[in-house]
Amino acid sequence: MTETATNTSDAPTAEASAGSDGGWKWLPGILAGIAIVIMGMATMLAAGIIDIQSVLNQPWNMTFILFEVPDDLPTVESYPVHVRLVSRDEPLEGDVTLQLLEQWTHWERFEDRPRLTDPELLIALDLPDATTESLLASGRLPEPGKPEVLAGSLARDNPFYIDDVQFHVVGRLADSVSGFLFAYLLPHGADFEELFICPDNAADGLLVVSGDALLEAGVLPEHPFETAASVTSPAETDLDDNDDDEGEPEAQERDTLILPPYMGGTLRAQPSVVRLTMLGLLLAAFGGAVAHYFLFRMLRDRGYRPIQAILDEIALRPGLFIGMHIFLYGLFFLAMYTSINNPLVTYRITQYIEAVFSEGGLGYIGAAYASGDVTMAAWTTFYNNYIEQTLGLTFLISLIPVPLGLVKNMLSFLLVGGAMAPLWVGAAQAYVLHCITMVLELQGYIVACFAITVWPLHLFRGAWTGRLAAATKSGLIMLGSAAILTAAMLGIAAVYEAFTLIRLL
């Protein structure tokens, strides 16, 4: 009878397995993992140095296009600009992906659908040829009087229309030119002035060459990406609600020009920087996983009872625990690699996430960070990551017992991996510190996914051996200890993230 009871236990007891050395034998593994993380951080630091050098002293690397010009604008070199939304007769390759992304992201509590499929902007101004030539990366300069433009980093090469005039791309701007990431430059705007006089779908702005002066004067929000206001449609339109043609309002809404307060500050990083940064993130993730695994083994041997049950499971099922890392991190870096090869989709995902944190379902977190209050930012981060995402959408929905939370986390790893693709100038430097947040948070989610996967295995084994009640009890204890462990991990991550983003980054 004693032997049977012992064999039906899902994990060995701490007393039976604890080492006499208090778990210190696992310390070399922990230190090795930390060393690998440091290697990853050093790799990203090197990428960051190359990143800065690639745009330093480049013309127009700090250009901003203001659509809401502040009254206290300092004296700076500037040019008036005119803006139109381009149109095309047929969708381009990749538009279907953007449409699917727009439909998928619509659930995130926006009042209106995110406009992730809007085409490029045409920005017209009058520049000397010498200035335009300094911005050119390839191709040739547009000829005066001809409908020819230069494309920004993400703008497509395909022709487009403004009213009945077809424009052609004859050259591309350097990646270091700010403000034209997803736009075209028309350097001889006066020749097409009649295309920008319609007040309904045209707008005026001001291009400021030296954005440093705007930041120093405090008249431009310091923001790592283009503002997300441009990706949401207006809450109210002038469309006729009684229009009989159901497709016409959508078409008219798509033609509506919606502009953010400003554009600029987002530049594409060089391919070598992108690859080196991704390598650094891979090293940080691998080192973090190694360090956490051996730390969990040490904590188990030292007998920390509140988390003993989940630590026993990790020791009992190392193959499943390691496999969960390979699977979820595999999704994460696969999404990142895919995003690197699809920069426009990545840009739209970035805008979508910015919108979520500004006016979508996570706006309260964005407001907490904007306030500069580290405590409030840490709490809101912990509330979302732990209370909502882990307790609610991982543990609770998986009690059935079907690991539905695993599906949710698979989607989260895909989305976050895609969004973290280091495509933008400044990402490498930011990830030197932010990779620790990544390691702590993702590791916490992996532990939660491991626990909800083990939970049905407990019940199946209990039902198979005729000890379902005992297995249910031990399984619930295991889930409870996993909830405590993930709370500690995500709590530390939230404090670190709030402090580094507000005080250091």
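Reply: Helices (H or I, at least four residues) and strands (E, at least two) are DSSP runs, numbered from the N terminus. Ile-38, for example, sits in helix H3, which covers residues 27-55. This is a predicted model, in which local features need pLDDT of at least 70 and side-chain atom pairs count only at pLDDT 80 or more, while totals for chains, interfaces and linings use all residues. Residues are numbered from 1 along each chain as its sequence is written, and side-chain values use heavy atoms, with hydrogens and water left out.

The surface patches come first. A patch is made of residues with over 30% relative accessible area and no salt bridge, where like charges are joined within 9 Å and nonpolar side chains (Val, Leu, Ile, Met, Phe, Trp, Tyr) within 5 Å. Accessible areas come from the Shrake-Rupley method with a 1.4 Å probe, and for residues only the protein chains shown count as cover. Ile-38 belongs to a nonpolar surface patch together with Trp-24, Leu-27, Leu-31 and Ile-34. The accessible area of this patch is about 480 Å² in total.

A patch of negative charge also lies on the surface, formed by Asp-126, Asp-191, Glu-193 and Glu-194. For charges, Lys and Arg count as positive and Asp and Glu as negative, while His and the chain ends are not counted. Each charge is placed at NZ of Lys, CZ of Arg, CG of Asp or CD of Glu. Glu-194 is found in the loop that runs between strand S8 (183-186) and strand S9 (202-208).

Next come the aromatic rings. Rings of Phe, Tyr and Trp (its six-membered ring) pair if their centres lie within 6.5 Å; planes under 30 degrees apart count as stacked, over 60 as edge-to-face and the rest as tilted. This rule gives 23 aromatic pairs. Phe-167 and Phe-192 make a tilted pair, because their ring centres are 5.3 Å apart and their planes stand at 55 degrees. This pair links distant parts of the chain, with Phe-167 in strand S7 (residues 165-173) and Phe-192 in the loop between S8 and S9, 25 residues apart.

How covered these residues are needs one more term: buried means under 20% relative accessible area, exposed over 50%, and partly exposed in between (1.4 Å probe, protein chains only). Phe-167 has a relative accessibility of 0% and therefore counts as buried. Phe-192 is also buried, at 6%.

Tyr-364 and Tyr-383 form an edge-to-face pair, because their planes are at 75 degrees, with ring centres 6.4 Å apart. Tyr-364 is in helix H12 (residues 363-371) and Tyr-383 in helix H13 (residues 374-395), so the pair links distant parts of the chain, 19 residues apart. Elsewhere, Trp-26, Tyr-293, Phe-294, Phe-296, Phe-321 and Phe-450 make up one aromatic cluster.

Then there are the salt bridges. A salt bridge is a side-chain nitrogen of Lys or Arg within 4 Å of a carboxyl oxygen of Asp or Glu. The whole structure holds 10 of them. In one, the closest N and O atoms of Glu-120 and Arg-156 are 2.6 Å apart. Glu-120 lies in the loop between helix H4 (95-105) and strand S3 (121-124), and Arg-156 in the loop between strand S5 (148-151) and strand S6 (160-162), 36 residues apart. Both Glu-120 and Arg-156 are buried.

Arg-300 bridges to Asp-301, with the closest N and O atoms 4.0 Å apart, and to Asp-312, where they are 2.7 Å apart. Asp-312 is in helix H9 (residues 308-316) and Arg-300 in helix H8 (residues 271-302), so this bridge ties together parts that are 12 residues apart in sequence. Asp-312 counts as buried at 7% relative accessibility, and Arg-300 is buried at 4%. Shared partners join the salt bridges of Arg-88, Asp-95, Glu-120 and Arg-156 into one network.

Helix H8 also contains Leu-299, which counts as buried at 19% relative accessibility. Leu-299 is 275 residues from Trp-24 in sequence, but their C-alpha atoms are 9.6 Å apart in space. Trp-24 is one of the residues of the nonpolar patch described above.
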